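Biologist: I am new to this structure and would like a close look at the ligand and its surroundings. Which residues come nearest to the ligand?

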Amino acid sequence: MSIAISQKKDVFLLNTKFTSYAFGIDDQGLVRHLYWGKRIDSVEDFEMPVLVEVSTNDPVFEITKEEFPVYGSLRYKEHCLKATFADGTREVVYRYCGYEVTETDEYEELIIRLQDTHYDFEMDLHYKVYAEYDLMERNVVVRNQSEAPVQIEKLHSGQFHIPYEDLNFSNVHGHWGAEHQRFVQKVSYGKIVIENRKGISSHNHNPYFLLDRDATENSGDVYFGALRLTGNFSGVIEQTQFGETLAQIGMNSHDFTLELKPGEEFEAPSILCGYSGTGFETMSHNLHHFAQKYLLREGYRPVLYNSWEATEFNVHSKEQIDLAKKAKEIGAELFVLDDGWFGERHGIDNGLGDWYVNESKFPNGLDELVDAVKAQGMLFGIWVEPEMVNPKAQLYQDHPDWIYHFETRTSDTSRGQYVLNMTKKEVQDFVYEMLDNLLTQHEIDYIKWDANRPISQTCLEKDIWYKHIRAIYDIVTGLKKKHPNVLFEACASGGGRIDYGILGIFDDFWTSDNTDAYDRLYIQDAYSYIYPIKAMRAWVTDCPNFLSQRVIPLKFRYHSAMMGTLGIGCNILKFTEEDIELSRQMIQQYKEIRPIVQEGDFYRLENTSENRYFLYEYLKGEEGLVFVFLPQSKVGHRGVTVRLRDLDPEAVYALQTEEGVITKSGSYLMNRGLDLQLKGDYASTIIRFAKENK
Ligand code: GLA
């Protein structure tokens, strides 16, 4: 049993393989946090501390470690819930009124039931314990059982208490073309806020908190929580005056009110959270394993060719067929036709919303291309941006009221387009039917679903920030039921929708429009802390790179993209014989190592050199890989010692390097390590290794 309960003390202890999380109910009926960290087995060891007011100016709530602080009373720190009742009362006063434990094959769940003391308003705190994965999933359900509506003005999915000061907080910052730039900052007195207000979740920050006590990859305390939401989120970290650090994350309360009508309930997005006493690597593995088991669809992801960078909007059946044939020749398994195939789509300012095949580009219909792709034995994928409309498109002419707008204002365009009001039933039906027809009429195996602008002029309802993305989740879930083999890629101007809300509903992330192989190393490294490698789409594209103008050898570009789910976005019709041959070899090699890359354990290895080597290990059973990158060698270049992780110390491993086979014991490779030296700029190699049979 993962959930232990002391009836005598009203204490709940949630145990995973290596961690514990404890809270209890005090004599006021408040749910108070007791512990989060390394595993403690005995629930009876926990005591509910008696709290004494610090001073009349420092009320007792300042030191009360609440699991779910509500707005009201003498509470002045961040609250998780603020509700206004129909009579104008803006304070929630709750009492504990019982618990429930349920169990499935996958998890045990504890539900703590709370009830307002005056209004028929309930809150259920949910804790799902995934013991094997050392993870917990927390969320809250609020329910209005009264006769009058209740306005929810803030709803964070939970508060976490970390009993230390001076922690390091890390997340990512960025923007279009530069997503996932990792940063670390010291937490001190005051608050750190990360958030998104655009309706597209993750260009600027990513919806997770990560706090550590000077942890490394393999040592130290790490506390983390990833919000399962693709819309507006906010995360707040606060070091208090009383020796602890608080972390909250949930829906952003900016421009937000959710009305709960009589009898309605609302389930807030959950937080996938955990503690690691052994550094970041364990955290990443726990999250990756969880994603692999519960969120990612089975099967290896195909090697993709996408024609966007080759042809942009200028797509024509014949040239796309030529590209598909060439893609097959180098070994691609999936051909994706990107933007530009529909309506009068010749640039960014027209066509969106008019989802019929453009006849001048596809005079013999889309199926000419689909059939040609299928005849090559490849899968076929297609790009859509269903949440959007261009003002010039027929769809907008027919339904000007379908976009987000205020009656007295002009809605802004961005990238030449408006956002459809996805909270309207008729818009949802239109999007579902359009995609259902597309998937029914053509043999499509892959949808790249894009969203290329933030939301604005959001109509009068202040809950659209959540309801918009909920509608997308529901539409894709419905489509997958009807078309179970179709894979969905989540793209939003590159990596604008990378989060645990969309993962599982969609299958892949388009990680970034930045396909520069060097920039990608940073993006991919930061991505890997939280998200699984199998969902990380990475393409090889032409040089000079359209963003960085950098020229990088093709081999390095392949190696960088082979770190994730490989795609090719070059104009392969312009490839030299040499490029084609190298591509063939690289794609062939990728197919051989794909099980290890996509489903192995991933390790960010330590760089011991003065030079900035990027070193990654992948390990699956008895086989593994080491990716080595040296973007630039400095004068007086020294090599690097690569110490591998998690091998069998007793076993002997054979490593296939470019110079030949090296045979070493697991303990040597992990402790002494391999000395490597790459030469020149943009040098890279992949070392394959396997345990030798005795
Ligand atoms: C976005 C995507 C690109 C491409 C274009 C098409 O920018 O991130 O990959 O699909 O849209 O317009």
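Modeller: Some terms come before the answer. Ala, Val, Leu, Ile, Met, Phe, Trp, Tyr, Cys and Pro count here as nonpolar, Asp, Glu, Lys and Arg as charged, and the others, Gly among them, as polar. The model is predicted, so local features need pLDDT of at least 70 and side-chain atom pairs count only at pLDDT 80 or more, while totals for chains, interfaces and linings use all residues. Residues are numbered from 1 along each chain as its sequence is written, and side-chain values use heavy atoms, with hydrogens and water left out.

There are 13 residues around the ligand, and D338, D339, K448, D450 and D513 come nearest; a residue is near when one of its heavy atoms lies within 4 Å. By class, this shell holds six charged, four nonpolar and three polar residues.

Next come the polar contacts, that is, pairs of N or O atoms within 3.5 Å; within protein, one atom must be able to donate a hydrogen and the other to accept it, and residues adjacent in sequence count only if both atoms are side-chain atoms. The side chain of W383 has an N or O atom 3.0 Å from an oxygen atom of the ligand. For the side chain of D338, the distance from such an atom to a ligand oxygen is 2.6 Å. The side chain of D513 likewise has an N or O atom 2.6 Å from an oxygen atom of the ligand. Taken alone, the ligand exposes 310 Å², and the protein buries 97% of that; these areas come from the Shrake-Rupley method with a 1.4 Å probe, and for residues only the protein chains shown count as cover.

The protein also has cavities. On a 1 Å grid over the protein atoms alone, a cavity is a set of points where a 1.4 Å probe fits but cannot get out, and its lining residues have an atom within 4 Å of a point. Points are joined across faces, edges and corners, and a volume is the space filled by probe spheres set on them. Six cavities of 30 Å³ or more are counted. The largest has about 90 Å³ of space, and among the residues that line it are F61, R75, E78 and Q159. Its lining divides into five charged, three nonpolar and two polar residues. The backbone oxygen of E78 lies 3.2 Å from a polar atom of the side chain of Q248. Q248 counts as buried (under 20% relative accessible area, with exposed over 50% and partly exposed in between, 1.4 Å probe, protein chains only), because its relative accessibility is 1%.

Technical notes. On a 1 Å grid over the protein atoms alone, a cavity is a set of points where a 1.4 Å probe fits but cannot get out, and a pocket is an open set with protein on both sides within 12 Å along at least five of seven lines; lining residues have an atom within 4 Å of a point.
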